[in-house]
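Hello,

Here is the structure for your files. My notes follow below it.

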Amino acid sequence: MKPEVIIISIASDNYCYLIRSGNDAAVIDPAESDPVMAEVEKRNLNLQYILATHHHSDHTAGIPEIKRKTGAQVYGGDKKIKSIDKVFLDGESFLLGDIEIVVMSMPGHTRHQVAYYLPGYNMIFTGDTLFGAGCGRIFEGSADQLYNSLMKISGLADDTLIYFGHEYTLENLEFASMVDEGNQEVGKRLEEVRQLRRENKATVPSTVMLEKATNPFLRVHTIGIRRYLGMVDRSAVAVFEELRKRKDRF
Ligand code: ZN
Ligand code: FE
């Protein structure tokens with residue numbers, strides 16, 4: 001059965017997701033328990049899994065209570081995740097109902113970061129690796145690792161839906177419009193996102209195609225961004241690293 005994705009907005013900018021297949025469900029990155037349990041109970045769902053993209057508390061703080069209340073199994077890629085039952089390796093998968101969920105290793109933001117990919121439905125949950133028009137900060141990994149993780153996402157089919165971990169899209173597009181000045185797709189998306197945020201609406205999901213057109217971190221090969229940074233002849237990773245540093249200070 002085709003999965004339904006329920007977006008749960010937590011605190012000022014955190015996104016947590018419920019993936020539902022019939023009555024079976026998985027929750028991704030529960031920063032808190034109460035808003036998740038409310039959605040689970042309202043729909044009478046059988047919560048099978050609690051999936052964490054990484055160990056940061058704004059993605060895991062709700063896990064112990066949800067596990068206690070539902071008995072759901074906690075999955076992830078990092079043994080540091082609270083109450084984890086199973087640590088997955090790159091490419092391993094499991095089933096939610098009849099939906100295959102593949103764990104993709106995405107080091108960079110943290111060392112054992114993962115994304116959850118549904119190959120049958122072209123959907124990916126990226127946590128803090130890729131945001132709308134942006135990417136996560138490099139905390140535990142290297143620029144090289146995060147760049148390669150982002151390339152795995154941009155290599156998926158153009159119509160892949162991307163569900164990310166925080167609502168940072170507007171600020172990211174403001175940065176993008178500075179470093180990728182001549183890009184009309186950035187200007188267009190900025191207008192759309194300004195309107196959505198005025199109405200307090202989420203900018204998820206994005207798509208691989210939209211990110212390749214507007215996300216400067218996926219566009220380090222383009223001449224406009226290279227000229228802006230004065231790095232026309234440098235490697236993709238060097239340009240990426242400089243861009244990430246500029247964004248840290250933006
Ligand atoms: Zn994080
Ligand atoms: Fe986060």
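**Pocket and metal site**

The largest pocket holds about 220 Å³ of space. A pocket here is an open set of points on a 1 Å grid over the protein atoms alone, where a 1.4 Å probe fits, with protein on both sides within 12 Å along at least five of seven lines; lining residues have an atom within 4 Å of a point. The volume is the space filled by probe spheres set on the points, which are joined across faces, edges and corners.

This is a predicted model: local features need pLDDT of at least 70, side-chain atom pairs count only at pLDDT 80 or more, and totals for chains, interfaces and linings use all residues. Residues are numbered from 1 along each chain as written, chains are lettered from A and ligands numbered from 1 in written order, and side-chain values use heavy atoms, without hydrogens or water.

The lining of the largest pocket has 16 residues. Phe131, Cys135, Arg137, Tyr168 and Arg244 lie nearest the centre.

Now the metals. His54 (NE2), His56 (ND1), His109 (NE2) and Asp128 (OD) coordinate the zinc ion (ligand 1) at 2.2 to 2.3 Å. Donors are N, O and S atoms within 2.8 Å of the metal (3.2 Å for Na, K and Ca); water is not among the atoms, so sites may look incomplete. Asp128 also bridges the zinc ion (ligand 1) to the iron ion (ligand 2), 3.1 Å away.

Both His56, at 18% relative accessible area, and Asp128, at 4%, are buried (under 20%; exposed is over 50%, partly exposed in between; 1.4 Å probe, protein chains only).

Best wishes
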